[in-house]
Amino acid sequence: MEYFKGIGKIKYEGKNSDNPFAFKYYDPEKIIAGKSLKEHFKFAVAYWHSFCGQGADPFGVGTQEFPWDAAKDPLQAAKNKADAAFEFLTKIGFEYFCFHDFDLIAEGQTLSESEKRVEKISDYIKEKQKETEKKLLWGTANCFTNPRYMNGAATNPDFKVVARAGAQVKIALDTTIKLGGENYVFWGGREGYISLLNTDMGRELDHMARFLTMARDYARSQGFKGTFFIEPKPMEPSKHQYDFDAATSIGFLKKYGLEDDFKLNIEVNHATLALHTFEHELAVAGCENMLGSIDANRGDYQNGWDTDQFPNNIQEVAVAMLVFLKYGGLQGGGVNFDAKLRRNSTDLEDLFHAHIGGADTFARGLIVADKILNDSNFSSTINKRYSSFDSGDGKKFENGNLSIEDLFQIAKNSKNIEKISGKTEFLENIINNYI
Ligand code: XUL
Ligand code: CO
């Protein structure tokens, strides 16, 4: 059955096209900084938002009536959903998808029933992947929706729940490996606290590290060669989430010796919630060599929650792409559209407009950033700013060849310290001039 009727394969038609079902900037084969756009981004569709989320909010039930949800039998409904997902992937032309275990099929009443269900639907998805040549960017386990996780999953004060989460992660890892997943994600939505009054933070952090170590060891023993990603987020649904932001997560990974197997999956709206910019989070991950993957979306400047809208702000993405290029792009991951349609976007075709807009925004941002780096005074302005470290005493300082007494002597001998402008407005204008 065809779900997205009347829509064919989305093609790149260039910026002068007025076809709403065409890419204007995302030319998958276009080479930028030595790689095709397709390789830079590895665009992925998020199974949960695109094929599961029905637009419910705290004030109302879902507004979507997906035709693939109509079947009563859970396995049939899941197969129909997979058909829709792979039809969409084929038409939009992205190579990748991402999933949580229970996006693929509804969770069963018992662990064994859930295991069977995931096993059956992943057999089916494996076939779909073969037919369509679509790949799995990453898999993950949903350890936050079921009420059993209300006090956390790996950090739950009740060991029984920790074990249950472990069982679920084992199945999700097996499924990810079975479907050729290139990476595996941990987003700890309920790994944190609602109230510190009843929380032993240090013990919970130790438990989280133990859990991640076990998951890594198991996956490696099963031949998984990909990267594990931590996806930082400061809050929501927890009041405070332990993987608060990139810096906190990196500190955690290093404390527990996990930094060789884990990198970060940076999500735009999570950065905003942590009162950071997207580019800040990319830079923190990048300078630690841990920029693994991106969950692309955007927040809303008037609302302080995780609205997960599709990216469409060219200026913001261009600035982020300057950081992306500086650190050589993503290590193993890709750009997953962890974004959802607005509740009142109820036509099936809206899913195409959303992904086309998101891909065009990233493509345009990267093209602009690359031009800025190659053609403008942007890089030279920054290099000049640090040029006092390129030779002489500055160089010696960088190389660790000066002491604090040396600094004292150098300061004593130098005359006035001249003011040097930071040139921020000059740089801001370059960005806008290249858009
Ligand atoms: C939640 C979020 C998740 C993760 C995967 O804010 O971003 O969808 O990406 O669990
Ligand atoms: Co995400």
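These legends walk through several close-up views of a predicted model. Local features are given only where pLDDT is at least 70, and side-chain atom pairs only at pLDDT 80 or more, while totals for chains, interfaces and linings use all residues. Residues are numbered from 1 along each chain as its sequence is written, chains are lettered from A and ligands numbered from 1 in the order in which they are written, and side-chain values use heavy atoms, leaving out hydrogens and water.

**View 1**
Strands (E, at least two residues) and helices (H or I, at least four) are DSSP runs, numbered from the N terminus, and two strands pair if DSSP finds at least two bridges between them.

**View 1. Zooming in on E5 and E6.**
Strand E5 (residues 44-46) pairs with strand E6 (residues 96-100) in the parallel sense, over 3 bridges. Look for Ala46, which stands opposite Cys98 in E6. In general, strands of a sheet pair through backbone hydrogen bonds.

**View 2. Who sits around ligand 1?**
Residues count as near if one of their heavy atoms lies within 4 Å, and those around ligand 1 include Trp138, Trp187, Glu231 and Lys233. Polar contacts are pairs of N or O atoms within 3.5 Å; within protein, one must be able to donate a hydrogen and the other to accept it, and residues adjacent in sequence count only if both atoms are side-chain atoms. An oxygen atom of ligand 1 is 2.9 Å from a polar side-chain atom of His270, and one is 3.2 Å from an N or O atom in the side chain of Asp306. Alone, ligand 1 exposes 290 Å², and the protein buries 93% of that (Shrake-Rupley method, 1.4 Å probe; for residues, only the protein chains shown count as cover).

The peptide bond from Glu236 to Pro237 is cis, with omega near 15°; Pro237 is in the loop between E10 and E11 (240-241). Glu133 isn't a glycine, yet has a positive phi of about 60°.
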